[in-house]
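The sequence and structure are shown here.

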Amino acid sequence: MSVAETLAAAKPRSGRAISFLFFAIAIALIVATPFLPNYYVRVINSLLIYILLGIGLNIVIGYAGLLDLGFVAFYAVGAYSYALLASPQLDLHWPFLLILLVAACLGAVTGILLGIPVLRLRGDYLAIVTLGFGEIIRIIINNLDWLTGGPKGIARLDKASILGIQVARPIDFFWLLLITVLVVGTLVWRLERSILGKAWAAIREDQDAARGIGINTTNAKLAAFATSATIGSIAGAIFAASQRFVSPESFTLQESVLIVLMIVVGGIGNILGIVAGATILMLLPEVLREFAEWRILFLGLLMIFLIIVRPAGIVPRSFGPDKLIRRLFGK
Amino acid sequence: MTLTFDRLRKQYGQVVAIDDVTASFAPGLIHGVIGPNGAGKSTLINMTAGSYSVSAGSIALDGKRLDTLKKYQIANSGVARTYQNIRLFDQMTVLENLEVCFYPADVGGTLKEVTWPPYAAARRERRREKCMETLRLFDLQGYAQAEAGSLPYGRQRMLEIARALVCDPRVLLLDEPAAGLNHHETAELTARLAAQRLPDRITIIVEHDMDLVMSLCDNIIVMHHGKLLFQGTPAEVQASPDVQLAYLGTANDIDDIRAAAQDRRAQLGIRARRRS
C-alpha cells in the first residue's frame, strides 16, 4: 500500500475522531453551562446570539452569494421592537412571544424593503449600499429621541416570560437561545437543501443562467433577504430581552463586519462553519482578556493565518450537518 | 405548435444584427442555423431565449408572444437553451445542476419541504429520479456527485445539454454545442441529439460543424449579414448557388467550410482548455 493510499484510508477515521471530539465538547458544554458562574453563561449566551445572527446572514451571503454589510439593521429592528413594546417608554407591556412574532414580521418587511432597491446590485456595489442601509437605521434610531430615547437608549425593559414561565436569569436565556438556535438552525439547513436553497446556489453561481432555467431571481433573492432579516430580528428581540436595555451603540457597522467575519472564517455557506467561526471569534477575546489591547493584534494574526491555511473556512461548504451526522452515527 | 419569427429585428445603434427575419420552425424537426461569423445566428438564439431584447417584430410560440416576457418566463414557457461558452453552476454537483431546474415546478412547496420531512424526502426522491434518468441518457450518471466545474470539457458540454433537457422543453436552443469537442465527442453528440428528436419538440442548433449540421438537421436556415438568405433541406442548401456564394465567397468548395469549422473548433478548444 502506497503512502497516498494509507493516508486516504486513514482520513475518514481521523475525520470521524475529530467529529466525535467536537460533538463531545459541544454536549459537555451544554451540560456544564448550568453549573458555570453567571459571567460565563453570559459569554455563552452572546455566542449563541452570534451563531443565530450568523445563520441568518449566511442565507444572503453564503447561499445566495450577496454580500450584505448592513445586517445589523435587522438585529436593531428586533431589539427595538422588544424595547418599545415591553418597557415604560411607550408604556406597552406585550407578552414576549407576541413581540417575537411582531419582530419576525417587521424583520421580514424591512428585509424586503432593503431587498427591492438592491436587487440589481451585486458584489462591491451591493456591499456599499447595504452598509449604508445599516448605518441609516442606526442613525435614525440615534436621532429619533422621542421614540427610541436617542443615544441614551431605552432602559428598564420588562422581564420576559414565556407562557407564565419567567425568563430572566442568564441560564434561562441560555436554554431559550439554545432551543432557538437548534430550531432555526434545523429549519435553515432544511431550507438550504430545499429547491429554494438550490435556486439560491444557482443564483450565486450564475445569475443569468439561473434565469435561463426559469428561476424568478427577483422573488428568490427577496425570499433570501426576508428570511435572513427575520432571523436577525428574532435574535435582536432575544438580545434586548436578555440585556433589558438597548442603545444604538450595540448596532454599529463593526457588529455587521464581525458577523461577516464569523461566516468567512468558519466556512461560508455552512451552518457548522458558522458555529466554528462564531466560537473562535467570540471566545478568543475572552481567553486573551489579560492581554488587553494586544487582543486585536492576535485576532488579526489569527485571521491572516486562517485565510492562508484554510481559505474556504475552517469547515468547508461540503462538510454540512448531514455529513457530520453520517460521520457520527452512520456507516 | 410552431415557433415563429415575424419580421424580427435587432439593432445596436446603427448596426443591424438581425434584419427583418421571418421564419417558422415546425415541431418534430431539428433546425440548423448556419452562416458566416457575424451573420446573427447566436443573436437569434439569444433573442428567442430572452437574453437579448427584440428591437422590432415578434417571436411567438403557438401564437403566444415570447418577446414581451422576461427571461425566466420564457424558460417557463418551455424554452430551454445552452450557451456558446458553457455556463454551468460550477460549484454545484452534476445532479444539483439538473435538480435546480425543477424550481419553477416545486418552489410553491418550499414551506412544506422545510417543515415536513417526509414530503421533502418524497419531493427530493422524485426530482433525483428524473435527473438521474436524464443523466443516464447522456452517460453522466457516474459523475452525479462530482462538482460540475471539475468535469472534463466534453462532459460539461453534455451536462449543459442534459440540464436543458431535464424539464422536457418544447423548444431546445443549442448554441454551438460541438464547439471545442473532438471528433469522437462530436459523433457522440450527434447520436445523442438525434435520439432527442421528439415529435412535439422544436430543436434549433446554431453550429459551425457542417458534418454535424448536414447529418442531423432536417431543415436549415442560412443567415447572411443578419438576413435570412436561404431555407431548405441539407441537400437543397448544399446545392444552392446563393448559399455557396455567400458562405464561401468565390471558392465553391465545401472543404473550405470544413476548414473554417476546424479553425473555429481549435480556437474554442484553446479557450476551453484554459478554462478547465
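## The sheet of chain B

In this predicted model, B:K10 stands opposite B:I18 in β2(B). Another bridge places B:L8 against its partner B:V21 in β2(B). Strand β1 of chain B, residues 3-12, pairs with β2(B) in the antiparallel sense, and 7 bridges join them. The two strands form a hairpin with 2 residues between them, and in the turn B:G13 has a positive phi of about 60°.

β1(B) also pairs with β4(B), again in the antiparallel sense, over 5 bridges. Here B:D6 has B:S58 of β4(B) as its bridge partner. β4(B) in turn is joined to β5(B) by 2 bridges, with antiparallel pairing, and B:A60 stands opposite B:R65 in β5(B). β4(B) and β5(B) form a hairpin with 2 residues between them; its turn holds B:D62, whose phi is positive at about 60°.

Which order do the 4 strands of the open sheet in chain B take? The order is β2-β1-β4-β5, with antiparallel pairing. The edge strands, each pairing on one side only, are β2 (15-25) and β5 (64-65) of chain B.

## The loop at B:G50

B:G50 is placed in the loop between α1 (41-48) and β4 (56-61) of chain B. Is this residue, B:G50, buried or exposed? B:G50 counts as buried because 24 C-beta neighbours lie inside 10 Å, against a cut-off of 20 or more.

Leaving out residues up to four places away in sequence, B:G50 touches B:L69, B:K70, B:K71 and B:I74. B:T68 is 18 residues apart from B:G50 along the chain, and their C-alpha atoms are separated by 8.8 Å.

A:L163 is not a glycine, yet has a positive phi of about 50°. A:L163 lies in the loop between β3 (160-162) and β4 of chain A.

B:E176 is found in the loop between β7 and α8 of chain B. B:E176 is buried, with 23 other C-beta atoms within 10 Å.

## Helix α7 of chain A

Helix α7 of chain A covers residues 170-193, has 24 residues and reaches 34 Å from its first C-alpha to its last. This is close to the 34 Å expected at 1.5 Å a residue.

The buried residues in α7(A) are A:F173, A:F174, A:L176, A:L177, A:T180, A:V181, A:V188, A:L191 and A:E192. What covers them includes α2 (38-63), β4 (165-167), α8 (195-205), α10 (217-243) and α12 (271-287) of chain A. From chain B, α5 (110-115) is included in that cover.

## Contact between the chains

How many residues of chain A are in contact with chain B? The contact joins 20 residues of chain A to 25 residues of chain B. On the side of chain A that touches chain B, α7, α8 and α9 (207-212) of chain A each supply at least two residues. α8(A) gives the most to this side, with 7 residues. By class, the side of chain A that touches chain B divides into 10 nonpolar, 5 polar and 5 charged residues.

Chain B is divided into domain 1 (1-78 + 169-276) and domain 2 (89-168). Their C-alpha centres lie 27 Å apart. The contact takes 12 residues from domain 1 and 10 residues from domain 2 of chain B. On the domain 1 side, β7 (171-175) and α8 (183-195) of chain B each supply at least two residues. The side of domain 1 that touches domain 2 has 6 nonpolar, 4 polar and 2 charged residues.

The largest nonpolar core has 172 residues, of which A:I51, A:A76, A:A79, A:Y82, A:A199, A:A237 and B:A162 touch the most other members. Domain 1 and domain 2 of chain B both give residues to this core, so it lies between them. Not counting residues up to four places away in sequence, A:A237 touches A:G78, A:A79, A:S81, A:Y82, A:I99, A:L100 and A:A103.

Methods. Residues are numbered from 1 along each chain as its sequence is written. Chains are lettered from A and ligands numbered from 1 in the order in which they are written. This is a predicted model: local features need pLDDT of at least 70, side-chain atom pairs count only at pLDDT 80 or more; totals for chains, interfaces and linings use all residues. The expected span of a helix is 1.5 Å times one less than its number of residues. A residue is buried if 20 or more other C-beta atoms lie within 10 Å of its own, exposed if 12 or fewer, and partly exposed in between; C-beta atoms are placed from the backbone. Two residues are in contact if their C-beta atoms, placed from the backbone, lie within 7 Å. Ala, Val, Leu, Ile, Met, Phe, Trp, Tyr, Cys and Pro count as nonpolar, Asp, Glu, Lys and Arg as charged, and the others, Gly among them, as polar. Two strands pair if DSSP finds at least two bridges between them. Domain bounds come from an automatic or database domain assignment. A nonpolar core is a set of buried Ala, Val, Leu, Ile, Met, Phe, Trp, Tyr and Cys residues joined through C-beta atoms within 7 Å.
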